[in-house]
Amino acid sequence: QSVEEKLGRTTHYMHEVKELGVSVKEEDLRLMKRRVVQIVAELQDIRDIMVDSVKDKLSPRQVSVLDIEQDELETDPSVQFFGVEWDSVFAKCFSMGLNIRIFKQRLEGNMVDSIRFTSILTEVSKVEKQVEQHSLAMLSGRLSSEQLSLQLQQQMRVSQLGQLARSNNILEREGEEGRKRMVKYRKNKTENLTAKISVTRNEQRRKSSVTEFGIKKKTSFMEKVSSLLNYV
């Protein structure tokens, strides 16, 4: 079977799992587990077929590096708590199908599109891990309406606490800036007052000096006149 056929069957199984929703019925859970096993098997077959198609064109070291990269691939941990976003998964599958078609066309022309090849393997691994995590979430009962409601309430409380903390930080910063402006205003006001007092004192000293000088001049003149009269 071709890669395209396997991908089409995988997508069909995914639609069945999606239609089960968050059912906790025993028969639905059994069907879900069976479909998940089939999905994972089909995706692994797709990856093996893709790797086999380039083994003669890539060195063993290049192939081993690709395997290591897929093993170390990280996925969204929230899937195991809230389930998978099926629209996102189906979009990945659609993109995967287009990339596989383009890759095979170029491979027929004896050209290995390594970037597209790596992208295909990455998408296959992501979808595989997301489906597995989704099945774990269903089997654990985390996707029941009661659990989802409780998780939503917890998220809202955490969000509200975060908003409150940010508001407090903003108020603290504004208060600190206000205090700094007040200190600066008082400092400038004090400096201006000190400067005015200094100017006033200098003016008073100057006026006092002028007055004393005038008095001294008058006194000296009167003394001279008095001494002349005494002499006469």
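At 36% relative accessibility, His15 counts as partly exposed, a class that lies between buried (under 20% relative accessible area) and exposed (over 50%), with a 1.4 Å probe and protein chains only. The model is predicted, so local features need pLDDT of at least 70 and side-chain atom pairs count only at pLDDT 80 or more, while totals for chains, interfaces and linings use all residues. Residues are numbered from 1 along each chain as its sequence is written, and side-chain values use heavy atoms, with hydrogens and water left out.

**His15**
- His15 sits in helix H1, where helices are DSSP runs of H or I with at least four residues, numbered from the N terminus.
- Between His15 and Arg35 there are 9.9 Å in space, C-alpha to C-alpha, although they are 20 residues apart in sequence.

**Helix H5**
- The 23 residues of H5 should span 33 Å at 1.5 Å a residue, which agrees with end C-alpha atoms 33 Å apart; the expected span is 1.5 Å times one less than the number of residues.
- The buried residues of H5, including Trp86, Lys92, Asn99 and Ile100, pack against H1, H2 and H6, contact being heavy atoms within 4.5 Å.
- Asn110, which follows H5, has a positive phi, near 60 degrees.

Conventions: Helices (H or I, at least four residues) and strands (E, at least two) are DSSP runs, numbered from the N terminus.
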